[in-house]
Amino acid sequence: MSRIVYLNGEFIPEHDAKVSVFDRALLFSDALYEVTSIIDGKLIDFDNHMKRLDRSMTELDYPKLLDHKEIRDFHKALIEKNNLNEGIIYLQVSRGVAERDFNFPDKKTELTVTAFTQKKDLVNNKAATHGISVMTMDDLRWHRCDIKTVQLLYPSFAKAKAVKEGFDDTWMIRNGYVTEGTSNNAWIIKGSVIFTRPADNLILKGITRETVAECAKDLGYKINFKSFTVTDAQNADEAFITSATTFVTPVIKINDNKISKGEPGKFTKALRERYIQKAREIAI
Ligand code: PDD
């Protein structure tokens, strides 16, 4: 069955939804996005995703912010129309359609707003049960990774290279420190302290990261927002990633080194369980 997607106020069968060849998303990657996870047919951390979207739009001088209630309503409608119990909603906002020009167009240009659902097993899946492997690569992205834009060619390249070389993902390295995964935040655990990079312009401040940080505190762990190297990670007790599509997923191998004997660590497992419990509590 084909999905119903959202395009500028309308719900349309996926094959009939079309955008202009002049859309700035297509010409300049001039578009922002959010991915919100759904469990039990409900949105997780929706308000925080909207706050981050506002911030991205403001940072890039978008002409106006969108109404959160309207976005929530069409997210809810997409869940219902597509009978989505578990998965994600991808939301994209582009600066709209304009003659090709590097300068931003007139502020009166209408934004292009699209959204679609994807079914995905978020709670029970192979990666969560068995853990994932990551390789490392230089982080060659621009220096505004804090803005969630659709300029994703380098992360996509890094992910494809990882898969080609038999890994699940790539952790990117800048100036000797791990920044993040291709589409997730990176963490390690040493004793009772968890380390993750402070949120600066070189990583995306994950919404899942914030909620996971609260869960870690609930479980009695200290969080140190401090950058770590690949060697720190390879010597860690446990390692994991977080994102809306992976929740908390164990990392069991970094390059050729096994982490926590090549099996998901017990704290990572507990944190994942606590996160899923909390996600269910806060879902709307
Ligand atoms: N990616 N870092 C990067 C580079 C990301 O692309 C993402 C999310 C995250 C985690 O953010 P959050 O916890 O808010 O999902 C960190 C989404 C899932 C994606 O591009 O599909």
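Colleague: How many Å separate a polar side-chain atom of Lys-148 from a nitrogen atom of the ligand?

Modeller: First, the basis: this is a predicted model, in which local features need pLDDT of at least 70, side-chain atom pairs count only at pLDDT 80 or more, and totals for chains, interfaces and linings use all residues. Residues are numbered from 1 along each chain as its sequence is written, and side-chain values use heavy atoms, with hydrogens and water left out. For Lys-148, the separation is 3.2 Å. A polar side-chain atom of Thr-208 lies 2.6 Å from a ligand oxygen atom, and a backbone N or O atom of Ala-244 lies 2.8 Å from an oxygen atom of the ligand.

Colleague: How much of the ligand's accessible area does the protein cover?

Modeller: Accessible areas come from the Shrake-Rupley method with a 1.4 Å probe. Here the protein covers 90% of the 470 Å² that the ligand has on its own.

Colleague: Where does the ligand lie relative to domain 1 and domain 2?

Modeller: Domain bounds come from an automatic or database domain assignment. Domain 1 (4-119) and domain 2 (126-282) both give residues to the shell around the ligand, so the ligand lies between them.

Conventions: Polar contact = N/O pair within 3.5 Å; in protein donor to acceptor, adjacent residues only side chain to side chain.
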